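Please look over the sequence and the structure shown below before reading on.

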Amino acid sequence: MHRRRIVVGNWKMNGRLTSGLTLAQDLVKKAELNRPEGYDLVICPPFTLSWPVSEVVVGTPVHLGAQDCHVDTHGAFTGDVSAAMLVDVGCRYVILGHSERRRDHGETDALVQKKIQAAHQAGLTAVVCVGESRQVRDAGDAASFVSAQVKSIMSARFTPENLVIAYEPIWAIGTGVTPSPDEITDIHETIRGLFGQAGAQVRIVYGGSVTPQSAEGIIRLDEVDGFLVGAASLNSDGFWHIAQFCHGRW
Ligand code: PGA
């Protein structure tokens, strides 16, 4: 089954106007010289940079995403940004349910599910993060924990085009530690199984301490359809290097 690969850069709360634009421009240059084949290349800057970065990337092989959206389209929600607003400035993707938002903003699976619906309604592809803590992994409950997360977001109407699942074990984010190939394969297979027949088409990417060094071994795993990259996406050479592991693979 052919699944188009995808590499998503999550800049988190990093990037000012100058550094963000430089990073985006560097990536566009690379992507125009060696156009992505067989994979989608996405960057998700902070909201303050959505529009300026959009002006750099729209119409190029680099796609724009954001790191969160509100469940409503507009209204009295101080500090929030809606999916429709993201579309308005050229976003095609939105990361939802990242463990940092679950941790820092109390986001629950129920809320994430509503956000996925809002994203889909606006025409965005949702990159939905799931993943267990170290404690859950050590207790041997990783597969059941991640299954429960995926099941509770699944009732959202999805297609293989508008949903990407990112398996991001919390203990691997920003730690330099990555799960073993067997651990990654096991969870990705578990997630895929939950989608039944559609599972063969659902894109499941890995995230957590992905670097140019770790990416090569991970992308060899049949179950891995790409990456969600945090820290390493802040360097255009490093991020491009990671993306190259997805180039031309069908
Ligand atoms: P990291 O972050 O690559 O810096 O570990 C990944 C993420 O949180 O999306």
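Predicted model: local features only at pLDDT ≥ 70, side-chain atom pairs only at ≥ 80, totals over all residues.

The buried residues of helix 1 are Gly20, Leu21, Leu23, Ala24, Leu27, Val28 and Ala31. Viewed down the axis of helix 1, these buried residues fall within an arc of 160°, and therefore they line one face of the helix. An α-helix has 3.6 residues a turn, so residues three or four places apart point the same way.

Helix 1 runs over residues 17-33, and its 17 residues reach 24 Å from the first C-alpha to the last, close to the 24 Å that is expected at 1.5 Å a residue. The cover over the buried residues of helix 1 includes strand 2 (39-44), helix 2 (50-57), strand 3 (62-66) and helix 10 (236-244).

## Helix 8 and what surrounds it

Helix 8 takes in residues 181-194, and because its 14 residues should span 20 Å at 1.5 Å a residue, the 20 Å between its end C-alpha atoms agrees with that expectation. Its buried residues are Ile184, Ile187, His188, Ile191 and Arg192. Seen along the axis of helix 8, the buried residues fall within an arc of 135°, so they line one face of the helix, while the face turned away from this buried side carries the exposed residues Asp182 and Gly193.

Which elements do the buried residues of helix 8 pack against? They pack against strand 5 (125-130), helix 6 (134-138), helix 7 (142-153), strand 6 (163-167), strand 7 (203-207) and helix 9 (212-219). Just after helix 8 ends, Gly196 takes a positive phi of about 60°.

## Ser147 in helix 7

Ser147 lies in helix 7, and its relative accessibility of 10% is under the 20% cut-off, which means that it counts as buried. Leaving aside residues up to four places away in sequence, Ser147 touches Thr190 and Leu194.

The largest pocket holds about 460 Å³ of space. Of the 22 residues that line this pocket, Lys12, Met13, Gln67, Arg101 and His105 are the closest to its centre. Helix 4 (residues 99-105) gives the largest share of the lining of the largest pocket, with 5 residues. Sorted by class, the lining of the largest pocket has 6 nonpolar, 9 polar and 7 charged residues.

For the second largest pocket, the volume is about 240 Å³. Its lining is made up of 20 residues, of which Gly174, Ser209, Gly230, Ala231 and Ala232 are the closest to its centre. The lining of the second largest pocket divides into 8 nonpolar, 10 polar and 2 charged residues.

## Enclosed cavities

How many cavities of 30 Å³ or more does the model contain? The count comes to 2, and about 40 Å³ of space lies in the largest cavity. The residues that line this largest cavity are Gly97, Ser99, Arg102, Cys129, Val130, Gly131, Gln149, Glu168 and Ile173.

Helix 4 and strand 5 each supply at least two residues of the lining of the largest cavity. By class, this lining is made up of 3 nonpolar, 4 polar and 2 charged residues.

Note on methods
Residues numbered from 1 in each chain as written. Heavy atoms only, no water. Helix = DSSP H or I, 4+ residues; strand = E, 2+ residues; numbered from the N terminus. Expected span 1.5 Å × (residues − 1). Buried < 20%, exposed > 50% of the residue type's maximum accessible area, 1.4 Å probe, protein only. Arc of directions from axis to C-beta. Contact = heavy atoms within 4.5 Å. 1 Å grid on protein atoms, 1.4 Å probe; cavity = no way out; pocket = protein on both sides within 12 Å on 5 of 7 lines; lining within 4 Å. Points joined across faces, edges and corners; volume = space filled by probe spheres on them. Nonpolar A, V, L, I, M, F, W, Y, C, P; charged D, E, K, R; others polar.
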